[in-house]
Amino acid sequence: MNDKPRVSAALFLLTAMFLLLTVSFSRRGWMEPPPLKANALLDPELVRPTTMRTSYAQLIRVQADLSDFDCYACHETNKPPTLRFDGSNNLVIPKEHSDIVMAHGQHGRNNNCFNCHNEQNLLLLQTRDGRQLKLENCPPLCGSCHGPTYRDWEAGAHGRTGGFWKKEAGQTTRLICADCHDPHSPRIGTRTPLPPPHPLHGAGRAWAETEH
Ligand code: HEC
Ligand code: HEC
Ligand code: HEC
Ligand code: HEC
């Protein structure tokens, strides 16, 4: 039996196939990965490492302008400010304090300035049980009405813990209520959620961008 013609046919076929592969590898077009879309830039606001608001305590630490807190630059000592109310018993905020929007709770239930500020000494806060606190030390004040949240906060379950767990490595930092809540309008509004994870690899990204 003569196998020669079949062998050369097979060899010819193999050579042709390898040539075809060489040509297609050199052109590469068909095996190119899908073109990468440019990464959408993240809104820097979403990853801002600061707190939601800047409390008095923070302003003191960074030595910012504290004139808003210098109550007796405008008020007279020994003369408590009088609270004014409109016809429907709503507190009227004077224009000098127009930056204050009172909306503590949903029914204006805690809008009385002197529930928190000491009318005899505006530089102090006063708790329900008569303790006097510095204006930058609000947690015990908030805690005097929000007991359960205060206990959570003390235990580290409410508010953010930062810094170090290990005492030897450094300090553990805690945020105070006023770093996140505006005491006058403490409700925290809805926030824009962060975008989903962003695989850098093209194939992963193509997968992430398809509906599942
Ligand atoms: C820029 C000047 C200015 C500063 C600073 C200032 N106040 Fe006043 N405040 C006023 C004026 C003016 C009124 C209205 C007249 C009045 O009641 O004495 C007022 C009214 C008030 C009232 C009564 C509000 C109402 O609704 O009737 C309170 C409470 C008060 N101030 C607290 C404070 C506290 C606490 C500070 C400091 C943390 C402070 N103020 C700092 C000017 C100021
Ligand atoms: C729930 C407690 C609470 C009530 C009610 C309250 N305050 Fe305050 N207020 C605070 C605390 C706490 C601070 C310090 C905020 C900080 O650390 O940033 C403050 C800060 C201020 C300041 C200085 C900074 C600023 O925001 O302008 C003024 C002025 C002030 N309050 C006036 C008033 C007046 C006027 C009212 C009533 C209309 C009032 N507050 C009602 C707790 C309260
Ligand atoms: C004198 C008592 C009192 C003090 C002091 C007080 N609160 Fe409140 N707080 C209330 C009441 C009353 C409500 C309203 C509850 C309701 O409407 O159901 C409330 C509601 C709230 C809410 C929910 C807001 C919303 O609109 O749903 C937050 C958050 C809050 N307080 C945070 C604070 C913080 C932070 C402090 C300290 C700066 C503070 N509170 C001090 C009495 C107090
Ligand atoms: C790191 C920021 C942060 C700190 C610090 C913080 N809170 Fe809050 N707090 C929040 C957020 C966020 C929510 C949830 C708002 C929501 O669910 O929409 C909240 C919710 C609340 C509520 C409403 C709970 C409810 O069930 O509706 C109260 C009351 C409250 N905080 C009080 C406090 C008090 C008092 C302190 C200080 C002892 C404090 N917070 C410290 C961020 C903070």
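The exercises go from the whole chain to the ligand shells and then to single residues.

The model is a predicted one, in which local features need pLDDT of at least 70 and side-chain atom pairs count only at pLDDT 80 or more, while totals for chains, interfaces and linings use all residues. Residues are numbered from 1 along each chain as its sequence is written, and chains are lettered from A and ligands numbered from 1 in the order in which they are written.

**Exercise 1. Describe the secondary structure and the overall dimensions of the chain.**

Begin with the elements, where helices (H or I, at least four residues) and strands (E, at least two) are DSSP runs numbered from the N terminus. The chain has 6 helices and 4 strands, and their order from the N terminus is α-α-β-β-α-α-β-β-α-α.

Next take the radius of gyration, computed over C-alpha atoms. The chain has 33 Å, whereas a compact globule of 212 residues would have a value near 17 Å, by the rule of 2.2 Å times the number of residues to the power 0.38. Along the principal axes, the C-alpha atoms fill a box of roughly 125 × 50 × 35 Å.

Finally consider burial, for which a residue is buried if 20 or more other C-beta atoms, placed from the backbone, lie within 10 Å of its own, exposed if 12 or fewer, and partly exposed in between. Buried residues account for 6% of the 212 residues.

**Exercise 2. Characterise the shells around ligand 1 and ligand 3.**

A residue belongs to a shell if its C-beta atom, placed from the backbone, lies within 6 Å of the ligand. Around ligand 1 there are 19 residues, the closest being Cys71, Cys74, Pro81, Pro94 and Cys113. Around ligand 3 there are 21, the closest being Gly105, Cys142, Cys145, Pro183 and Arg187.

Then sort by class: Ala, Val, Leu, Ile, Met, Phe, Trp, Tyr, Cys and Pro count as nonpolar, Asp, Glu, Lys and Arg as charged, and the others, Gly among them, as polar. The shell around ligand 1 has 12 nonpolar, 4 polar and 3 charged residues; that around ligand 3 has 9 nonpolar, 9 polar and 3 charged.
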